[in-house]
Amino acid sequence: MADPRTAADNQLRNVEARTGKTFAQLRKLIADSGLTKVGEQRAMLMQTLGLGYRDATTLALLAKQAAESVPADADPLDAIYAGPKAGL
């Protein structure tokens, strides 16, 4: 069985080839839609780009992960001690 990350990367490359858009452009499309739930984003991608359920879901999830990713040089404790815990 293939590595799940490799499978997702292959699927993303196929989506990019089918749509003619880069991942950055697809992420911008999702962000500009104003939709926050993966299900809403999936429906928009299916309607707008004609993607299938699985491709649209994977794209929405990968875009969400990319938006939430933490820079490599960030201190993990900053995320834990944020907001009301900042003084701790």
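Trainee: What order do the elements of the protein chain run in, from the N terminus on?
Mentor: They run α-α-α-α-α. The count is 5 helices and 0 strands (DSSP runs numbered from the N terminus: helices are H or I, at least four residues; strands are E, at least two). This is a predicted model, where local features need pLDDT of at least 70 and side-chain atom pairs pLDDT 80 or more, while totals for chains, interfaces and linings use all residues. Residues are numbered from 1 along each chain as its sequence is written, and side-chain values use heavy atoms, without hydrogens and water.

Trainee: How much of the protein chain counts as buried?
Mentor: Of its 88 residues, 24% do (buried is under 20% relative accessible area, exposed over 50%, partly exposed in between; 1.4 Å probe, protein chains only).

Trainee: Which residues of H4 are buried?
Mentor: Asp55, Ala56, Thr57, Thr58, Leu59, Ala60, Leu62 and Ala63. H4 covers residues 53-68.

Trainee: What covers them?
Mentor: The cover includes helix H1 (4-19), helix H2 (23-33) and helix H3 (38-49).

Trainee: Take glutamine 11. Which residues does glutamine 11 touch?
Mentor: Arg54, Asp55 and Thr58, leaving out residues up to four places away in sequence (contact means heavy atoms within 4.5 Å). Glutamine 11 sits in helix H1. It counts as buried, because its relative accessibility is 14%.

Trainee: New topic. How many salt bridges does the structure hold?
Mentor: It holds 3 (a side-chain nitrogen of Lys or Arg within 4 Å of a carboxyl oxygen of Asp or Glu).

Trainee: Which one links distant parts of the chain?
Mentor: Aspartate 55 and arginine 18 form a salt bridge, at 2.6 Å from N to O. Aspartate 55 is in helix H4 and arginine 18 in helix H1, 37 residues apart.

Trainee: Are those two buried or exposed?
Mentor: Aspartate 55 is buried, at 15% relative accessibility. Arginine 18 is exposed, at 52%.

Trainee: And aspartate 9, what does it meet in a salt bridge?
Mentor: Arginine 5, at 3.1 Å from N to O. They are 4 residues apart in helix H1, so about one helical turn separates them. Aspartate 9 is partly exposed at 26%, and arginine 5 is partly exposed at 46%.

Trainee: What does aspartate 32 form a salt bridge with?
Mentor: Lysine 28, with the closest N and O atoms 2.6 Å apart. This pair is 4 residues apart in helix H2, so again about one helical turn. Both aspartate 32 and lysine 28 are exposed.

Note on methods
The expected span of a helix is 1.5 Å times one less than its number of residues.
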